[in-house]
Amino acid sequence: MNDRPVTLLVSNNLMFLPRIEAAAGSYLKVQRATSINDLERVEKNKISVVLIDLEFDRSIWEPILTELQSNNENNIRFVAYGPHEDENLMNQARKLGCDPVLPKGAFVNQLRKILRPDR
């Protein structure tokens, strides 16, 4: 099924990738971006949700977030997750348009609902 919506994971940490792929199932295609250049190979018009790992280098995830938001005709949802103790970073992600912004544990627990809110 090539017309599946895309979940874009912005991270270089592969720890959550198997869980994300399992939650996406056959309904969503999971792609990963580790640099702004990776957006060239992503089917932007099919992105339904962007998952941003706040522990990833901010100088990488922030430009990706900004680029995708600049032309957000498809109503992409932006979800960030990170360490619960870094409230400043989590607040910055909110200010940049991520909603929800979750501690890692809550992110894992809510992953299916995040990826497939209609189910």
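Which side chains meet in a salt bridge at 3.7 Å, N to O? In this predicted model, in which local features need pLDDT of at least 70, side-chain atom pairs count only at pLDDT 80 or more, and totals for chains, interfaces and linings use all residues, the partners are Lys 44 and Glu 67. Residues are numbered from 1 along each chain as its sequence is written, and side-chain values use heavy atoms, with hydrogens and water left out.

A salt bridge is taken as a side-chain nitrogen of Lys or Arg within 4 Å of a carboxyl oxygen of Asp or Glu, and by this rule the count comes to 6. Lys 44 lies in the loop between S2 and S3 and Glu 67 in helix H2, so this pair ties together parts that are 23 residues apart in sequence; helices (H or I, at least four residues) and strands (E, at least two) are DSSP runs, numbered from the N terminus. Lys 44 is partly exposed at a relative accessible area of 34%, and Glu 67 is partly exposed at 36%, where buried means under 20% relative accessible area, exposed over 50%, and partly exposed in between (1.4 Å probe, protein chains only). A further salt bridge joins the side chains of Glu 55 and Lys 104 (3.0 Å, N to O), linking the loop between S3 and H2 to helix H4 (residues 104–109) across 49 residues. Lys 29, Glu 43 and Lys 46 are linked in a network of salt bridges.

Helix H2 comprises 13 residues (58–70), which at 1.5 Å a residue should span 18 Å, in agreement with the 18 Å between its end C-alpha atoms; the expected span is 1.5 Å times one less than the number of residues. Within H2, Trp 61, Ile 64, Leu 65 and Leu 68 are buried, and they cover an arc of only 100 degrees around the axis, which puts them on the same side of H2; the arc is that of the directions from the helix axis to the C-beta atoms. The face turned away from this buried side carries the exposed residues Ser 59 and Ser 70. The buried residues of H2 pack against S1 (6–10), S2 (29–33), S3 (47–53), S4 (77–82) and helix H3 (87–95), contact meaning heavy atoms within 4.5 Å.

The 5 strands form an open sheet in the order S2-S1-S3-S4-S5 with parallel pairing, two strands being paired if DSSP finds at least two bridges between them. The edge strands, each pairing on one side only, are S2 and S5 (101–103).
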